[in-house]
Structures are given as C-alpha cells and as structure tokens.
Amino acid sequence: MSTLDERRGRMVEWQLERRGIRDAAVLRAMNEVPRERFVAAELLDSAYDDAPLRIGAGQTISQPYIVARMIEALRLTPRSRVLEIGAGSGYAAAVMARIAAHVTTLERHPRLADTARDCLRSLAVANVAVHAADGTLGWPDDAPYDAIVAAAGGPRVPDAWLEQLAPHGTLVMPLGDTLTRQELVRLTRDDGGGLRRDNLGAVVFVPLVGAQGWRAGADSEGVS
Ligand code: SAH
C-alpha cells in the first residue's frame with residue numbers, strides 16, 4: 001500500500017505531466033493540495049483515481065486532469081483575482097488559491113458550500129471566499145475578475161460573467177446546448193474589449209443550474 005503523498009505524486013506525474021500539463025505552478029499546487037481531504041471518508045482510497053468522484057447532492061469533484069487543464073487554461077499569476085462558479089468540494093478553489101491572489105467561489109447547494117468552507121478553513125486556506133449563491137449572476141462585490149471559471153456546463157455565457165470580467169481577463173467554461181456534453185471554451189478579452197474564443201475540447205460536466213443556466217431540476221436527471 002502506498003501512502004496518500006506517494007499517490008498524489010504519481011497522479012501529478014502520470015495523469016497530468018504525461019498528458020501534457022506544463023504550467024509549473026499548476027503542477028506544484030496539485031502536488032501540494034491534499035485531494036483526499038475534499039472527499040468523504042469512504043472514498044479516501046479513490047482520492048487520486050483518474051476519475052470524478054461523488055461529493056453529495058448529485059454533484060462531483062472533477063477528475064484531476066480536468067481540474068489541471070481548466071486551471072492551466074486560465075493562465076493565472078500570483079496577482080490574479082479569480083471567480084469560480086461551482087465550488088463543489090472546494091478542491092479546485094484550494095488549488096487556484098495556491099497560484100492566484102484571491103478566489104471567490106460560488107455554490108448553489110448550501111450544504112456543499114458549508115462543507116467546502118469548513119474544509120478550506122481546516123486547511124488554513126485564507127484567500128478563498130465561499131458563498132452559497134446562484135453563480136450565473138456572478139458576484140459583483142469582488143469584481144472585476146482576471147479569471148472566471150465554471151465547473152458546470154451551461155447553454156450560453158451568462159451576461160453577468162462578461163460584465164464582471166476584467167480587461168484582458170480570461171473566462172473558461174463548458175458550453176453546450178445539451179445537458180450531457182459540452183465544449184470547453186476559453187474566452188479572452190482583447191485590447192479592444194472584444195472576445196477571442198479558443199475551443200479546448202469536448203467535456204462532460206454537471207449542468208449549470210440557475211437564472212442564466214439550465215432550469216432547476218436539470219442536475220437531478222442522471223447526469224454525473
Ligand atoms: N470545482 C468543484 C467541482 C464541482 S462540480 C470541485 O473541485 O469539487 C460543479 C458544481 O457546480 C456542483 O457542486 C453544482 O452544485 C454547482 N453548480 C451548478 N450550477 C451552479 C450555479 N448556478 N451556481 C453555483 N454553483 C452551481
């Protein structure tokens with residue numbers, strides 16, 4: 001039996017580096033954040049599996065590779081101020097908090113938001129604010145954001161996110177007009193204020209449910 005530290009190191013090498021994650025800050029952060037603390041005790045043994053894991057309320061903590069890929073796509077710096085939609089377990093927020101200046105993360109399920117907040121506090125992560133809220137409306141109080149990232153897939157980019165994205169800011173989200181399959185999209189605000197779009201590949205995320213996402217109930221229809 002290997003220790004969790006050893007498994008974390010192997011995850012970073014085999015699942016991230018060998019699949020092309022290059023950003024040293026992302027690799028370092030994922031080597032430091034104890035993913036096992038963000039899953040239920042009975043999933044401890046699976047914490048470093050190459051797969052998403054259940055976190056309750058029909059939601060999942062994303063596969064490590066997807067977390068790394070999304071964060072790498074944001075091109076964070078130590079000065080970045082980040083908005084995450086879909087705190088879930090709080091794991092991705094903890095990873096981003098090691099790279100960026102501040103992370104505001106929103107979660108529509110209050111119970112998940114509470115658990116994520118407690119977990120981050122127990123790990124002494126001081127630069128993340130967790131709010132139970134409909135993230136499709138963003139969080140104007142901390143705007144503008146250099147980076148906005150959604151961990152749930154929606155049919156269009158919510159207006160509020162574009163309003164709260166800083167000049168030269170980067171937005172990464174799964175975008176798609178079905179509940180079960182999306183394209184991971186990166187939008188970068190250019191000098192003129194226009195948006196440049198990069199398609200980063202097909203992905204499967206839980207639905208973004210809210211005023212500017214899918215209707216309530218969409219996330220209890222068997223998508224995981
Ligand atoms: N980043 C998370 C992954 C969470 S999965 C982690 O590291 O664990 C996506 C989360 O988005 C789910 O918890 C879901 O409840 C949440 N979600 C979906 N729609 C939302 C919305 N409109 N506002 C806030 N959270 C939302």
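What follows is a short chat about a buried aspartate and the aromatic rings.

A: One note before we start: the model is predicted.

Q: Fine. Where is aspartate 142?

A: Aspartate 142 is in the loop that runs between strand E5 (128-132) and strand E6 (145-150).

Q: Is aspartate 142 buried or exposed, and which side chain of opposite charge is nearest?

A: Aspartate 142 is buried. The nearest side chain of opposite charge is that of arginine 81, 4.7 Å away. A salt bridge needs the side-chain nitrogen within 4 Å of a carboxyl oxygen, and aspartate 142 has no salt bridge.

Q: What polar contact does the side chain of aspartate 142 make?

A: The side chain of aspartate 142 makes one with the side chain of threonine 104, at 2.6 Å. Leaving aside residues up to four places away in sequence, aspartate 142 touches Arg81, His102 and Thr104.

Q: Changing topic. How many aromatic pairs are in the whole structure?

A: The search finds 1. The ring centres of phenylalanine 38 and tyrosine 91 are 5.7 Å apart and the planes are at 70°, so the pair is edge-to-face.

Q: Which parts of the chain does the pair link?

A: Distant ones, 53 residues apart. Phenylalanine 38 is in the loop between helix H2 (24-32) and strand E1 (53-56), and tyrosine 91 is in helix H4 (residues 91-97). Both phenylalanine 38 and tyrosine 91 are buried.

Q: Which charged end sits over the ring of tyrosine 91?

A: That of arginine 35, 5.0 Å from the ring centre. Elsewhere, arginine 19 lies over the face of tyrosine 65, at 5.4 Å from the centre of that ring.

Notes:
Residues are numbered from 1 along each chain as its sequence is written. This is a predicted model: local features need pLDDT of at least 70, side-chain atom pairs count only at pLDDT 80 or more; totals for chains, interfaces and linings use all residues. Side-chain values use heavy atoms; hydrogens and water are left out. Helices (H or I, at least four residues) and strands (E, at least two) are DSSP runs, numbered from the N terminus. Buried means under 20% relative accessible area, exposed over 50%, partly exposed in between (1.4 Å probe, protein chains only). Lys and Arg count as positive and Asp and Glu as negative; His and the chain ends are not counted. A polar contact is a pair of N or O atoms within 3.5 Å; within protein, one must be able to donate a hydrogen and the other to accept it, and residues adjacent in sequence count only if both atoms are side-chain atoms. Contact means heavy atoms within 4.5 Å. Rings of Phe, Tyr and Trp (its six-membered ring) pair if their centres lie within 6.5 Å; planes under 30 degrees apart count as stacked, over 60 as edge-to-face and the rest as tilted. A charge sits over a ring if NZ of Lys or CZ of Arg is within 6 Å of the ring centre and within 35 degrees of the ring normal.
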